[in-house]
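Please keep the sequence and the three-dimensional view at hand while reading.

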Amino acid sequence: GSDGTAVIYSTTADPTQGTLFSADRTTEIAQSDVATLRPYYEPLTDTTIIGSDPEKPVILAQEANNIIVSGFRLVPAPLQKLKAPAVIFSKVNDGTLLGNIIEAKGGVGFSAVESRGVKIIGNTFARSEARGVSCDRSSVLVESNAFIGDWPIAISGDKSCRAEIRRNLF
């Protein structure tokens with residue numbers, strides 16, 4: 001701030017235990033750097049969900065029916081592994097991913113596996129080196145999404161994927 005303080009967001013109530021982020025809520029700050037910043041801590045109380053394990057997705061829906069994931073910012077753990085997409089719908093029927101901001105730090109943004117009637121609508125996929133949407137043995141509608149950044153593959157249709165793709169920004 002103008003008084004020389006730095007706003008730092010923490011994923012826990014005790015900032016010495018959680019992951020720390022700068023005011024943009026995406027740049028991680030090392031605990032060792034905090035002492036020089038005169039920090040003012042604020043908890044992440046909005047709709048940001050940050051993954052804690054690079055081997056696991058931020059959200060996993062398995063064998064679910066009629067689900068909606070809407071209005072979140074989903075941030076995987078640092079050093080996200082390719083086998084751990086930010087969001088996985090596995091054996092989901094009629095699932096919707098609507099209006100989210102999905103980051104993929106080196107992995108996949110969203111993966112549908114053996115799912116039917118999945119709708120991926122109005123999301124922003126940011127920051128990745130792999131795939132934005134991956135479809136494997138599923139039927140998906142991918143509509144009105146924005147793929148921002150350096151995506152080598154924005155939408156991937158693998159083994160027996162049935163994808164309807166409309167009005168996306170690449």
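**Confidence of the model**

The structure is a predicted model. Across the protein chain the pLDDT averages 81, and 72% of the residues score at least 70. Residues 1-5 have a pLDDT below 50, and this stretch makes six contacts in the model beyond near neighbours in sequence. Over residues 40-45 the pLDDT likewise stays under 50. For that stretch the model has 19 contacts beyond four places in sequence.

**The nonpolar core**

In soluble globular proteins, nonpolar side chains tend to be buried together. Here the largest nonpolar core holds 26 residues. Which of them touch the most other members? They are Val87, Phe89, Phe110, Ile120 and Phe125. Several strands each supply at least two residues of this core: β6 (59-62), β7, β9 (87-90), β12 (110-113), β13 (118-121), β15 (131-136) and β16 (139-143).

**Aromatic pairs**

A pair of aromatic rings is described by the distance of the centres and the angle of the planes. The model contains three aromatic pairs, and two of these are set out below.

| Pair | Centre to centre | Angle of planes | Arrangement |
|---|---|---|---|
| Phe89 and Phe110 | 5.1 Å | 80° | edge-to-face |
| Phe125 and Phe147 | 4.9 Å | 5° | stacked |

The planes of Phe89 and Phe110 stand at 80°, so this pair is edge-to-face. Phe89 belongs to strand β9 and Phe110 to strand β12, so the pair ties together parts that are 21 residues apart in sequence. Both Phe89 and Phe110 are buried.

The stacked rings are those of Phe125 and Phe147. This pair links distant parts of the chain, with Phe125 in strand β14 (residues 124-126) and Phe147 in strand β17 (residues 146-148), 22 residues apart. Phe125 counts as buried because its relative accessibility is 0%. Phe147 is buried as well, with a relative accessible area of 4%. Together with Phe170, Phe125 and Phe147 form one aromatic cluster.

**The disulfide**

How many disulfides does the model have? The count is one. Cys135 and Cys161 form this link, and their sulfur atoms are 2.2 Å apart. The angle about the S-S bond is 105°, and the link is right-handed.

Are the two cysteines buried or exposed? Cys135 counts as buried because its relative accessibility is 2%. Cys161, at 23% relative accessibility, counts as partly exposed.

**A loop residue: Phe72**

Phe72 is located in the loop between β7 (65-70) and β8 (73-75). With a relative accessibility of 29%, Phe72 counts as partly exposed. Its contacts, leaving aside neighbours within four places in sequence, are Thr47, Ile49, Gly99, Asn100 and Ile101. Of these contacts, Ile101 lies 29 residues from Phe72 in sequence, and the C-alpha atoms of Phe72 and Ile101 are 6.3 Å apart in space.

Notes
Residues are numbered from 1 along each chain as its sequence is written. Side-chain values use heavy atoms; hydrogens and water are left out. Helices (H or I, at least four residues) and strands (E, at least two) are DSSP runs, numbered from the N terminus. Buried means under 20% relative accessible area, exposed over 50%, partly exposed in between (1.4 Å probe, protein chains only). Contact means heavy atoms within 4.5 Å. A nonpolar core is a set of buried Ala, Val, Leu, Ile, Met, Phe, Trp, Tyr and Cys residues joined through side-chain atoms within 4.5 Å. pLDDT is the predictor's confidence in each residue, from 0 to 100. Rings of Phe, Tyr and Trp (its six-membered ring) pair if their centres lie within 6.5 Å; planes under 30 degrees apart count as stacked, over 60 as edge-to-face and the rest as tilted. A disulfide is a pair of cysteine sulfur atoms within 2.5 Å.
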